[in-house]
Every structure is written in C-alpha cells, then in structure tokens.
Amino acid sequence: MFIAVMGVNHRGAPVNIRERMAFSESRIKDAFAELLAYPGVSGCCIVSTCNRTEIYIAATQWEMGREALWAFWADHSGLDVTEISRYTFCHTLEKAVSHLFRVTSGLDSMVLGETEILGQVKRAYRMAHEAGATNAPLNTLFQQALSIGKRARAETGIDRNPVSIPYIAVELIKQELGSLTGRSVLVIGAGKMSEMALVHLKANGISGIVVSNRSYARAVEMAQALGGQAIKFDGIMDALAEADIVISGTAAQHSVLSAETVARAMLRRPERPLLLVDIAVPRDIEPEVRRISGVTLFDVDDLQNVVDRCWLERQQAACIGEKIVEKECGLFMERLAMSTANPTMKALQGLGEGIKDQELKRALSKLGNLSDKERTVVETLASSIAHKIIRQPLLMVKQMALSADGHCYTQMTRKLFGLEELTEDCTRTTIHRLEKGIAGVANEKELCDREPEESIGSVANKLGYRALV
C-alpha cells in the first residue's frame with residue numbers, strides 16, 4: 001500500500017494556477033467518489049486552503065495512483081497534464097508522511113508556525129472520514145499528523161511569537177496601555193493592514209472605533225463591518241482629541257499627520273496621553289511627533305524590529321520541530337511497514353502450519369498404532385521441518401519491511417508463496433482452501449498412495465515447491 005500526496009502551494013504555483021486547482025467544500029464531497037473510482041485508489045483526503053491544495057491517497061501501486069491524480073485534476077481544473085506536472089509536487093511513502101507532519105506542525109506554511117493550518121487539516125480529514133473516503137493507513141496517518149502538530153507547538157512554542165505587523169502593533173499597544181477595555185481608537189486608512197490591526201484590537205476589547213479614509217465609502221464599509229463609525233478627513237482633528245490610540249496606514253506619499261496637527265490636538269486633551277502607531281511606508285506621521293509631551297509614537301521600523309526578533313525565535317523553534325517530525329516520521333514508517341508485513345508473515349506461518357498438519361495427519365493414518373513417544377517424535381519432526389523452512393523467509397520479510405523497498409519485498413513474498421488471497425485472520429482452516437489452488441501439487445488419491453515417510457517428507461517438498469512455483 002502506497003501513501004502518496006500530490007499538491008500545489010504558494011512556493012511552486014502562482015495564484016491563478018492555485019485558484020483553478022482548489023476545491024470548494026461542496027466540490028470536495030463529490031470529488032471523493034470520483035477519486036475512489038480510479039483503479040488502484042483505495043483511500044483519499046483533500047486539503048484545500050488559500051495557499052495550498054493537496055490530495056492524499058492510499059494506492060495499491062504508485063504509478064496507477066499518480067495517473068489517477070493527474071487525470072482527476074485535469075478534469076477538475078481544465079489544465080492539461082503537462083501544466084499540472086509542472087506546478088505540482090509529488091511525494092510517496094516516507095516523504096509523503098514527513099510532508100503532512102510538517103504541514104500540521106506549521107513548518108511548511110507561508111507564515112512559519114501559523115496556527116490555522118492545524119484546524120484546516122483536521123476539518124479536511126473529518127470530512128473525508130465521514131464520507132467514507134479514507135482507509136486504515138490514511139486514518140492512522142492523519143490522526144498521527146494532528147497529534148504531532150499539537151505536540152510540536154506545545155514543545156517548541158513556534159506559534160507563540162507573533163510575526164505580522166498588525167499583530168505586533170496591537171501587542172505593543174497592550175504593553176503600553178494594559179487592558180484595552182473601554183479604550184477608543186482612530187484608524188486612518190482603510191487598507192488591509194489597518195483592517196487587520198483593527199480586528200486584533202476588537203478581539204482585545206477595544207470599545208470605540210472611528211475610521212477615516214480618503215475614500216469615505218471605503219471608510220464606511222470597514223467601520224460598519226467592525227461596529228464603528230466613519231468620518232471624513234476634515235474631521236480628524238476632533239477624533240484626535242478624543243481617541244486613546246491612533247493607527248495610521250494609508251498609501252499616501254506624504255505625511256498625513258504633522259507634528260503641528262498632533263500638538264494642537266494635545267492642547268484639547270490635557271493630562272491625557274496619546275499613543276500613535278504608524279504602519280505605513282512611506283510614513284504617515286512626522287517623526288517630530290515624538291517630541292510632543294504625552295505622545296508615544298511607534299513606526300514601522302519599531303514594529304519590524306519586534307517582528308524580526310519573533311521570526312528568529314520561530315526559526316529556532318522550527319529547528320526543534322523538524323527533529324520531532326523526523327523522529328516521529330521514522331517511527332510511523334516502521335509501524336506502517338510492519339502493519340503491511342504482518343499479514344504476509346501470519347499467512348506464511350499459516351501456510352507452514354497448514355501443510356504440516358495436513359501431511360502429519362496423512363502420515364499418522366498410515367503408521368497405525370503408535371506409542372505416545374513415537375507419536376511425539378513424528379509430530380516434532382514435522383513441526384521442526386516446517387518451522388525451519390519458514391523461519392528464514394519470515395526473518396527476511398521482517399528485516400526488509402523496514403527498508404525503503406520493503407513493500408516490494410512483501411509483495412514478492414506473497415507472490416512467491418502464493419499468499420495473495422490470505423488475510424490477517426487466516427487460520428489452519430483456511431489453508432485447505434489455499435492448497436486446492438496450488439498448481440502441480442498431487443491430488444488426494446496420489447497422496448493416499450504414498451508411503452508414510454514420503455508424506456512426512458512432503459512437508460518440506462510442498463513448502464519448497466510453493467516458492468519455486
């Protein structure tokens with residue numbers, strides 16, 4: 001069984017390609033049945049976010065699985081296979097496992113250590129599992145990946161240090177002012193950065209929100225979305241006199257707030273400090289504002305210094321996270337290899353036991369009345385022959401299962417001994433059915449005509465014959 005992943009992400013594909021290869025939640029539900037209809041695909045799960053779309057499959061043969069994914073994605077996206085292969089990455093076995101572990105740990109994200117991806121993978125897996133699209137190997141993989149994602153964050157603290165300018169701005173404001181409950185903010189500019197900062201402020205209990213922007217309509221839109229009010233630019237002086245915090249993030253090529261404007265506003269609010277945060281480049285607020293009594297100003301350089309410090313801490317945490325992923329990936333592959341090899345080993349043991357029991361029964365029926373000692377000697381001889389012949393193949397299957405090509409050796413053993421139809425619950429009662437399908441083995445009449453010693457010896461012959469066939 002091959003675990004594999006094919007996907008596109010922010011590193012290898014432009015947004016116009018990622019858009020075409022993405023899946024909406026409603027589309028994913030239909031996609032499961034389509035994927036499972038392809039030959040060789042026995043399980044699947046689709047993770048689709050703004051920065052990545054990845055399809056995980058369990059396939060009996062990787063070549064068949066890869067062809068199925070290319071065909072499926074070509075049908076979904078309208079892109080031809082050449083384009084798809086150009087932008088997608090493909091990982092199988094250990095690389096596929098390691099990739100998912102890194103994804104859930106936040107090590108493969110655009111923002112190192114992001115927290116959202118863990119919940120996104122969890123929802124994707126739950127959807128696939130509830131739809132019946134996953135199988136045992138994929139269930140084990142995703143459950144382990146989610147567990148490792150939580151562990152990596154808990155042990156490394158990779159997501160504890162903020163690395164975005166808006167988030168850092170709010171953290172600095174909290175450090176300066178303490179609780180934000182009951183505080184008011186004036187936001188100048190209605191761009192993405194300003195909006196993100198305002199979202200963080202609102203989450204931290206800010207109560208009064210005033211938005212001003214060159215485009216008044218955009219100011220109204222953002223203010224309504226966040227429960228505030230909009231003002232025109234000519235009303236900024238009044239808002240400055242009332243606000244506790246000012247965040248400015250316009251796209252203007254010149255200063256929006258001069259030192260003179262801020263000084264005049266401070267005359268209207270004696271004994272009340274004002275905190276200004278300038279997240280614009282070029283700067284919106286004149287640096288001379290720092291000289292005004294009662295005013296604190298943070299500009300983008302102050303914020304970037306904190307971001308850089310936090311980013312370094314995240315990178316250090318990521319190194320620890322990579323070691324966790326590497327170790328857990330190795331352990332998972334060992335368990336997966338043994339879970340794949342165990343049915344073959346059990347079937348091989350069952351084959352030896354079944355042939356031994358069958359031949360022993362025939363031999364004992366020919367030998368007549370035996371003493372307990374004689375019976376024990378015959379039974380021990382048959383068991384010893386069977387066990388010794390099977391022992392070396394069993395050891396090799398177990399040993400080679402842990403190698404990179406372990407699945408190939410397991411499949412070869414099953415073919416070599418004719419074990420394809422045996423399963424983990426094979427018992428001695430299933431051996432008789434298997435024996436009927438062995439080409440070249442003598443029929444019942446021929447076996448009954450043999451001498452007893454020939455029947456005992458046939459334990460070795462039949463086991464050897466199975467391998468030779």
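Tutor: Start with a definition: two strands pair if DSSP finds at least two bridges between them. Strands (E, at least two residues) and helices (H or I, at least four) are DSSP runs numbered from the N terminus.
Tutor: This is a predicted model, where local features need pLDDT of at least 70, side-chain atom pairs count only at pLDDT 80 or more, and totals for chains, interfaces and linings use all residues. Residues are numbered from 1 along each chain as its sequence is written, and side-chain values use heavy atoms, leaving out hydrogens and water.

Student: OK, how many bridges join E1 to E3?
Tutor: Eight, and strand E1 (residues 2–9) runs antiparallel to E3. Phe2 has Ala59 of E3 as its bridge partner.

Student: And which way does E2 pair with E3?
Tutor: Antiparallel, with seven bridges between E3 and strand E2 (residues 41–48). Gly43 is opposite Ala58 in E3. Three residues separate E2 and E3, which form a hairpin.

Student: Is E3 buried or exposed?
Tutor: Eight of the eight residues of E3 (residues 52–59) are buried, so the strand is largely enclosed by the rest of the structure. Buried means under 20% relative accessible area, exposed over 50%, and partly exposed in between (1.4 Å probe, protein chains only).

Student: Different topic. Where is Met110?
Tutor: Met110 sits in the loop between helix H5 (93–104) and helix H6 (116–130). Met110 is partly exposed, at 47% relative accessible area.

Student: What about confidence, the mean pLDDT?
Tutor: The chain's mean pLDDT is 84, and 87% of its residues reach 70 or more. pLDDT is the predictor's confidence in each residue, from 0 to 100.
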